[in-house]
Amino acid sequence: KPMDPRLLPEVSLAVAKAAIKSKVALKTNIDWNAYEEELQHRLGKEENVLKVVINKAKQYKQRVVFADAENFKTLKAAQIVKDDGIAIPILMGNVKKIKSLMKENNIDLNDVEIIDPKDDANEKKRCEYGELLFEKRCRKGYNMHEAKKAMRDRNYFGCMMVETGEADALITGLTRKYPDIIKPVIQIVGVEESVNKI
């Protein structure tokens with residue numbers, strides 16, 4: 001998009017290099033790394049902080065579950081995360097819908113893992129996660145059947161992936177209400193003992 005802050009360094013560097021190549025530039029001996037840093041500095045402190053965070057993320061790539069992957073905005077965000085090397089995306093939702101949406105919008109995530117919690121191929125994992133949920137919640141309103149059934153929900157399944165270490169983070173909330181999203185997080189991941197208000 002025109003106001004994307006990533007454009008300033010990308011376009012400015014390309015124009016400067018083209019000017020040198022076409023011999024219209026007055027300065028031809030340029031330290032490109034220093035020039036890029038100067039351009040980043042022009043974006044302001046917020047962008048510099050963001051750059052530090054992104055660089056840290058690139059050093060320690062985490063597996064991030066995108067629970068609303070049947071949505072174009074989510075797929076676009078996952079592609080940016082993948083293309084920029086920030087994290088390893090895991091898409092969650094109906095495989096056919098996700099692949100169709102990727103094809104319609106020219107989104108290249110073909111090598112990214114897609115998990116559909118409702119798919120029969122994930123029955124074993126749903127049972128395993130359901131048993132873990134039952135152990136956590138058995139005295140708090142869940143029987144074994146309900147715990148396993150809950151794992152058909154992307155947010156419950158994704159939270160359990162984070163809880164078991166199969167993923168490092170979960171991004172959700174684009175298509176559902178806050179109470180529907182925070183409930184599985186509280187029930188599965190939980191909160192620190194000192195926390196009494198979320």
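Colleague: What makes up the accessible surface of the protein chain in this predicted model?

Modeller: The accessible surface comes to about 13,300 Å², and 53% of that belongs to carbon and sulfur atoms. Such areas come from the Shrake-Rupley method with a 1.4 Å probe, and for residues only the protein chains shown count as cover. Since you are new here: residues are numbered from 1 along each chain as its sequence is written, and side-chain values use heavy atoms, with hydrogens and water left out. The model being predicted, local features need pLDDT of at least 70 and side-chain atom pairs count only at pLDDT 80 or more, while totals for chains, interfaces and linings use all residues.

Colleague: What makes a run of residues a helix or a strand, by DSSP?

Modeller: Helices are DSSP runs of H or I with at least four residues, strands are runs of E with at least two, and both are numbered from the N terminus. Here that comes to nine helices and four strands.

Colleague: Why is Thr 74 called buried?

Modeller: Buried means under 20% relative accessible area, exposed over 50%, and partly exposed in between (1.4 Å probe, protein chains only). Thr 74 has 9% relative accessibility, so Thr 74 counts as buried. This residue is found in helix α4 (residues 72-83). Contact means heavy atoms within 4.5 Å; leaving aside neighbours within four places in sequence, Thr 74 is in contact with Phe 66, Asp 68, Ala 69 and Leu 174.

Colleague: What makes a set of residues a nonpolar core?

Modeller: The residues must be buried Ala, Val, Leu, Ile, Met, Phe, Trp, Tyr or Cys, joined through side-chain atoms within 4.5 Å. The largest such core has 17 residues, and Leu 133, Met 151, Tyr 156, Met 161 and Ile 188 have the most contacts inside it. Its largest share, five residues, comes from α8. A second, separate core of 16 residues includes Phe 66, Val 81, Leu 91 and Ile 107.

Colleague: How does the radius of gyration of the protein chain stand against that of a compact globule?

Modeller: The radius is taken over C-alpha atoms, and the globule rule is 2.2 Å times the number of residues to the power 0.38. For 198 residues a compact globule would be near 16 Å, but the protein chain has 22 Å.
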